[in-house]
Amino acid sequence: MSDDAGKTSCAEFQAQLPELIGSGADAKADPHIQSCELCRALLADLETIAEAARQLFPVVEPPEELWEHIESAIKSEEEETGSDDSK
Amino acid sequence: MPRSRLTSPTPEITPNVLDETTPAPAQPAKRVTFARAAPPDPAEADALTRAQAGDHHAFAHLYSLHKRRIYSLCLRMVGNIAEAEDLTQEAFLQLHRKISTFRGDSAFSTWLHRLAVNVVLMQLRKKGLSLTSLDEAMEPTPEEGPGRSFGAADLNLSGAIDRLALERAVADLPAGYRLIFILHDVEGYEHNEIASMLECSIGNSKSQLHKARLRLRDALRAESTKEARP
């Protein structure tokens, strides 16, 4: 757990986290993580969320009538293009 | 480039073609399997060539191959079924207009995916999700600043995330956070690609993703605390 001196270092570490994680660096290797249980738990949670995101949202079937709307819109566009071309 | 999840779904029955206009009954969106890594359809290249030459049947076949992935992408990004349907329609209309410009520099599925992302982004911008709002979302609020307390370690989530709870939490994110979280963590785009698409800095993208994950962590912890109550 962080002591008073550690709080500053938690703030600094957490301010660097977006860049640290986003750059692909090994945030677990940061010296602060080795000594701070709170930041270690935070990092573990964020990694768990990112990992879980890859399993999220199964592929969903669109409603069947959607294709009819699309083909109808395509027809309309083609008719418009055709009438423009004939002018 | 998006990660390897972005491959074609399993081929399906060709939908109604242009001269078959019998209306189908309205049906709610239904969940199907996790089919992100199906092998590419060998007939796709042929359908693509024919669709580029104006063959409607071939275009219908391409729709059948890609409709689920594009619709699912739109649904994830906007979190609303009606909007996702409109955006899917717009994406395939754009595909129809632009299909002749596809030159095969990337996989067709990747090209179409990016086209659909751009359609969604354009719509979100029309609705007011501007770079300004993204930047504003970046400003730390008192509860999100670096000095924030993250609570006791025994509340950590590791290994215990309920998928449906996480999906709900993602749906509840503010639009800007959700967008970057979906693009990066779910769809697999890199920060430089997201920055280019959203016209923001790479640092913004990283920071906003981080805040999105923090919000999700809070939501999931609140949920688990709620469930733990008698």
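In helix α8 of chain B, which spans residues 191-198, the buried residues include His191(B), Ile194(B) and Leu198(B). A residue is called buried if 20 or more other C-beta atoms lie within 10 Å of its own, exposed if 12 or fewer do, and partly exposed in between, with C-beta atoms placed from the backbone. These three residues lie on the same side of α8(B), because they cover an arc of only 60° around the axis. The arc is taken over the directions from the helix axis to the C-beta atoms. An α-helix has 3.6 residues a turn, so residues three or four places apart point the same way. Helices (H or I, at least four residues) and strands (E, at least two) are DSSP runs, numbered from the N terminus.

The model is predicted: local features need pLDDT of at least 70, side-chain atom pairs count only at pLDDT 80 or more, and totals for chains, interfaces and linings use all residues. Residues are numbered from 1 along each chain as its sequence is written, while chains are lettered from A and ligands numbered from 1 in the order in which they are written.

After α8(B) comes Glu199(B). The phi of Glu199(B) is near 55°, a positive value in a residue other than glycine. Glu199(B) belongs to the loop between α8 and α9 (202-228) of chain B. Glu199(B) counts as exposed because it has 12 C-beta neighbours inside 10 Å.

Next come the helix pairs. Helix α1 (residues 44-52) and helix α2 (residues 56-78) of chain B have axes that come within 8 Å and cross at roughly 135°. Axes are lines fitted to C-alpha atoms, for helices over the stretch in contact, and angles run from 0 to 180 degrees between N-to-C directions. α1(B) and α2(B) are therefore oblique to each other; angles under 35 degrees count as roughly parallel, over 145 as roughly antiparallel, 65 to 115 as roughly perpendicular and the rest as oblique. Their crossing is left-handed, a term used if the near helix is turned anticlockwise from the far one by less than a right angle, with right-handed used if clockwise. On the α1(B) side Glu44(B), Ala47(B), Leu48(B), Arg50(B) and Ala51(B) take part, and they meet Ala58(B), Phe59(B), His61(B), Leu62(B) and Leu65(B) of α2(B). The residues of this contact divide into seven nonpolar, one polar and two charged. Ala, Val, Leu, Ile, Met, Phe, Trp, Tyr, Cys and Pro count as nonpolar, Asp, Glu, Lys and Arg as charged, and the others, Gly among them, as polar. Two residues are in contact if their C-beta atoms, placed from the backbone, lie within 7 Å.

α2(B) also packs with α4(B), at an angle of about 35° and with the axes 10 Å apart. This crossing is right-handed. From α2(B), His66(B), Ile70(B), Leu73(B), Cys74(B), Met77(B) and Val78(B) meet Ser109(B), Leu112(B), His113(B), Ala116(B) and Val120(B) of α4(B).

Which residues does Cys74(B) contact, leaving aside its neighbours within four places in sequence? They are Ala84(B), Leu87(B), Thr88(B), Ala116(B) and Val120(B). Cys74(B) is found in helix α2 of chain B, and it counts as buried because it has 28 C-beta neighbours inside 10 Å. The C-alpha atoms of Cys74(B) and Val117(B) are separated by 7.7 Å, although the two residues are 43 apart along the chain.

Chain B as a whole has nine helices and one strand, and 38% of its 230 residues count as buried. Chain A has four helices and one strand, in the order α-α-α-β-α along the sequence. Of the 87 residues in chain A, 30% are buried.
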